[in-house]
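Subject: Structure handover

Hi,

Here is the structure for your files. My notes on it follow below.

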Amino acid sequence: MQPQVIGTEGYATEAEDLLVRYESIPSEQVHAAVLHLLPNAPARVLDIGAGTGRDAAWFAGLGHQVVAVEPTEALRVGAMQLHASPAITWVDDSLPELAALAARDEQFDLVMLTAVLMHLDEAQLRRALPNIAARIAPGGLLIMTLRHGPVPPGRRMFEVAAEAIVEPARQLGLTLQLNRHGESLGAENRVAGVTWTTLAFGKPS
């Protein structure tokens with residue numbers, strides 16, 4: 001058995017439920033704040049922490065070529081079955097290193113991290129950001145959502161403020177294009193008091 005990737009605690013045992021719950025909210029709603037920033041098809045999209053494949057399938061349906069990274073095998077296998085598409089390439093990889101992606105030496109027009117970075121502690125976050133930035137093509141875009149609020153039982157999460165991302169990203173040569181705070185779309189998270197920050201950064205051409 002492979003060792004569990006730090007930050008994925010709780011996801012394998014809940015995979016069946018998550019494959020239903022995550023798919024219940026359309027990607028267009030989840031990413032409404034950044035729809036105007038998304039590249040025109042066809043573009044190369046990297047979805048880090050792709051989960052159930054909801055967003056990867058959405059991007060593929062829009063005409064993009066997608067590399068979907070998911071370290072939790074139960075989610076990755078379920079997502080591949082749920083969203084079988086020749087436009088999606090699934091990769092078993094994880095932050096902070098993204099070693100498998102680094103070996104592929106690809107860059108992307110759009111890099112997505114939806115509800116991912118809260119699984120990294122401060123030291124891991126510092127290591128992860130340069131590895132994420134390295135995957136963005138010149139002229140490309142990085143979009144992420146940061147979770148704020150109580151941690152569900154059995155999960156490993158940390159509070160990540162927008163400021164903890166914006167300044168390191170600037171030092172990596174990324175330009176902030178959007179910083180927006182909003183409530184959760186899912187009823188369960190909304191009742192729990194979970195809110196989200198959406199950040200978008202551009203990489204100069």
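Start with Asp-55: at 5% relative accessibility, Asp-55 counts as buried (buried means under 20% relative accessible area, exposed over 50%, partly exposed in between, with a 1.4 Å probe and protein chains only). Asp-55 sits in helix H3, residues 54–61. Helices (H or I, at least four residues) and strands (E, at least two) are DSSP runs, numbered from the N terminus. Leaving aside residues up to four places away in sequence, Asp-55 touches Ser-27, His-31, Asp-47 and Thr-114 (contact means heavy atoms within 4.5 Å).

Some background. This is a predicted model: local features need pLDDT of at least 70, side-chain atom pairs count only at pLDDT 80 or more, and totals for chains, interfaces and linings use all residues. Residues are numbered from 1 along each chain as its sequence is written, and side-chain values use heavy atoms, with hydrogens and water left out.

Now the sheet. Seven strands make an open sheet with mixed pairing, ordered E3-E2-E1-E4-E5-E7-E6. Two strands pair if DSSP finds at least two bridges between them. Strands E3 (88–91) and E6 (175–183) are the edges, each pairing on one side only. The twist averages 15 degrees from one strand to the next. Axes are lines fitted to C-alpha atoms, for helices over the stretch in contact; angles run from 0 to 180 degrees between N-to-C directions.

E2 (residues 65–69) pairs with E3 in the parallel sense, over four bridges. Ala-68 stands opposite Trp-90 in E3.

Helix H7 (residues 163–171) lies across E5, E6 and E7 (195–202), at about 10 degrees to E7.

Best wishes
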